[in-house]
Amino acid sequence: MNLKTVLILLGLALATIFALVCVLLTRERSPRSCQQLPPEQEEVEDGQSLVFADLSPEEMSQVVRYLQGHLGVPLVDARRAKPSDNCIASVDLQVPAKAEVLRFLDAGGARPPREALAVLYFGKQAEPNISEFVVGPLPMPAYHRDVTERKYGGKLPYHRRPTLPVEYQQLGEFLKKQVFPSAPAFMQQVMEYDGSNLAAVTAAPRGFQSGDRVSWFVLFQNVSGFFVHPVGLEVLVDHSSLDMWQWAVSRVFYNGQYYRDMAELESAYVQGRVSVEKVRKAPWDGGFSSMKPRAPAAALFPLQFEPQGPRYSVSNNQVLFQGWSFAFGTSVSTGLRLFDIRHRGQRVAYELSVQEALSVYGSNCPGGMSTRYMDGSFGLGRYSSPLLPGLDCPSLATYVDTHSLSDSLRPSKRKASLCIFEQNLGSPLRRHYSNLQSLYYGGLVNSALVIRSIATVGNYDYVWDFIFYQNGAIEGKVQATGYPSSSFLHGDGLRYGNRLGEHTLGTIHTHFVNYKVDLDVGGVKNSLVAHDMAFEMTRAPWSPEQQIERPRLTKKVLDTEDQAAFRLQSKMPRYIYFAANSKNKWGHQRGYRIQITSFAGDHVPEASSMERAISWARYQLAVTRRKEEEPTSTSIYNQNDPWTPTVTFADFINNETITNEDLVAWITAGFLHIPHSEDIPNTVTVGNSVGFLLRPYNYYDLDPSIYSHDGVFFTSEQDFTACEINPLACLPKTASCLPNFPPFTYDGFRNM
């Protein structure tokens, strides 16, 4: 071996050694993977929460099989049903009576039988109707009982039924095959219709009086974000007949003019008597309505992770977190709901649930001006959407699949349609920096638990949150996003909104959301108390010739339902709370305060023929006696017959005494939306968030968050760089780890 070869081999050996040393040094400096520690919990899951659990797919299927075999009538799959068929519209959990549940949870009583509530449409009968059946016990049903007349005081007329997806499909076929062909020249030359380039959106309610089922269909270009691409054509279809061959066009609207039907529009067009406003064809991605980012990706946005794993636990349908526990579920019609909410082992609320989301529109086009959407009828739970990790919720949130049975004989699964996560809000829950007398810092990071669902109902996306804070407060919040609805801009359209495009009028509308809040503060029996302030004039005792204006506390017990019903825009006591029959250490009634965040527009005038169907929106807050026969503030049947509402909330308020009773707070929050250019391509959540807070008010002897493990306190005389003194000083050790982000998945486009 010559010298040159030896030198080459020696050089390679040295390079290899250098590379290995670099790798070893780099490994030593690389952060370790985050280690998961078991969450510290004061309670353990005992299975009692399952009394509130959603039906499993197996239970839903058992209910369907039972109904198919025991009703004595054929049941058609709702996906293929004609209006004249019998079908199952939905199967959901029948929540047991509260008294039964409390005997089971608190007194060692028997577990209530597990039951389902099935909604059926009976179109193939001499007297078509909607019927509701309770079916049980699950998982092996052996009985059913018709509860329709007991719940609603009579049979439910068939015209009140919520519209099935298959009926929308049938109406689409009716427009495509029977309506549009009757105006061939107009459709081809003005609409450039090719059989698929138009999308229709329905207005609701459907008519002007009970029994009507007459719907306006507003036509848009069928592109991404079609809700803001109106073409000026709207068609009124009478589909009240159970025989689809009897469906007919009642009126046609185009660019400010009304016509008897499409044939009359065609005749006027051919004769040159139609004012044509040609709409420029939009690209397939919608152009200005496209949500595709207009900028390339750059530095990654901040992420949240848990350096020692989640500090909460989810078992079946129960969540435990920092002294909190609650059961969760979803309703087909109303979406996310919580039960048996406890803090530090004591129940503070029996139920928190969404009741309804209402939108009332204005326009100078018929579809827009007649729209009053009651989204519970469409289904806030039915249309809960799969959540996108890292955007809809943090990547490391716990994602929960939900199941439902609606518009079908088979249950459907919505993957990752609920998420649960702890969120550091980036601000102190409380703090004080003392630079007078003693020198110290004390505080607590505001870290809260969030449970979230997002429902996409047509153009709007509603982000539903319930948030649990370490001081014992609960927040219910909804954020609205999605696309604004629009009308074709013509005539005096700017009286009803702002221009968002060449032919697009963003139409003014209100949003109202109603919640049911069944607080049980220190027990089931509560009273409602109002505290506020007033200024009083007094002479300064040390200087009687001088006058002082000082605020004082005002107190009032609201002892009837009428006193506890606060109209939407009326003045309400700023401190209003459910008071217990027990006192804290300082002699005050223990309570939970209701604090509402709302920027609501005006409610529909009470003279309106349909106002009673949405009379819950008259009130920002109404507190009533809790009754099993008043489980909800509205009904899914109110949308299609608001003129004879199935449930009228205003009737709940009948001046009964509410002192030392089981009470329910019905809370309405909302905002006025006047769409503007920044709503394009779609509406942002900033500024469009409303809801309520439930805050302890003398419920504890001191702030319970003082017992949080997250607290920070040190004085000027302590070594605040030491871990044992200041946990924040430990972050380089405890939080310098690599989070285990799972591979990205999304199931939003499966099983559509």
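The following legends accompany close-up views of a predicted model. Residues are numbered from 1 along each chain as its sequence is written, and side-chain values use heavy atoms, with hydrogens and water left out. Because the model is predicted, local features need pLDDT of at least 70 and side-chain atom pairs count only at pLDDT 80 or more, while totals for chains, interfaces and linings use all residues.

**View 1. Domains of the protein chain.** The chain is divided into domain 1 (48-156), domain 2 (165-289) and domain 3 (326-707), with bounds from an automatic or database domain assignment. The centres of domain 2 and domain 3, taken over C-alpha atoms, lie 37 Å apart. Contact (heavy atoms within 4.5 Å) joins 35 residues of domain 2 to 34 residues of domain 3.

**View 2. Helix α5 and its packing.** Helix α5 (residues 165-179) has 15 residues; helices (H or I, at least four residues) and strands (E, at least two) are DSSP runs numbered from the N terminus. From first to last C-alpha, α5 reaches 20 Å, close to the expected 21 Å, which is 1.5 Å times one less than its number of residues. Among its buried residues are Val166, Leu171 and Phe174, where buried means under 20% relative accessible area, exposed over 50% and partly exposed in between (1.4 Å probe, protein chains only). The buried residues of α5 pack against the strands β7 (198-202), β8 (214-221), β9 (230-238) and β10 (248-254), and against helix α7 (262-270).

**View 3. Surroundings of Ser370.** Ser370 is placed in the loop between α8 (366-369) and β17 (372-374). Ser370 counts as partly exposed because its relative accessible area is 21%. Leaving aside neighbours within four places in sequence, Ser370 is in contact with Ala203, Ala204, Pro205 and Trp216. Arg206 is 164 residues from Ser370 in sequence, yet their C-alpha atoms are 8.6 Å apart.

**View 4. Surroundings of Asp559.** The loop between β28 (543-558) and β29 (565-567) holds Asp559. Its relative accessibility is 32%, so Asp559 is partly exposed. Apart from neighbours within four places in sequence, Asp559 is in contact with Glu656, Thr657, Ile658 and Thr659. Between the C-alpha atoms of Asp559 and Leu444, 115 residues apart along the chain, the separation is 38 Å.
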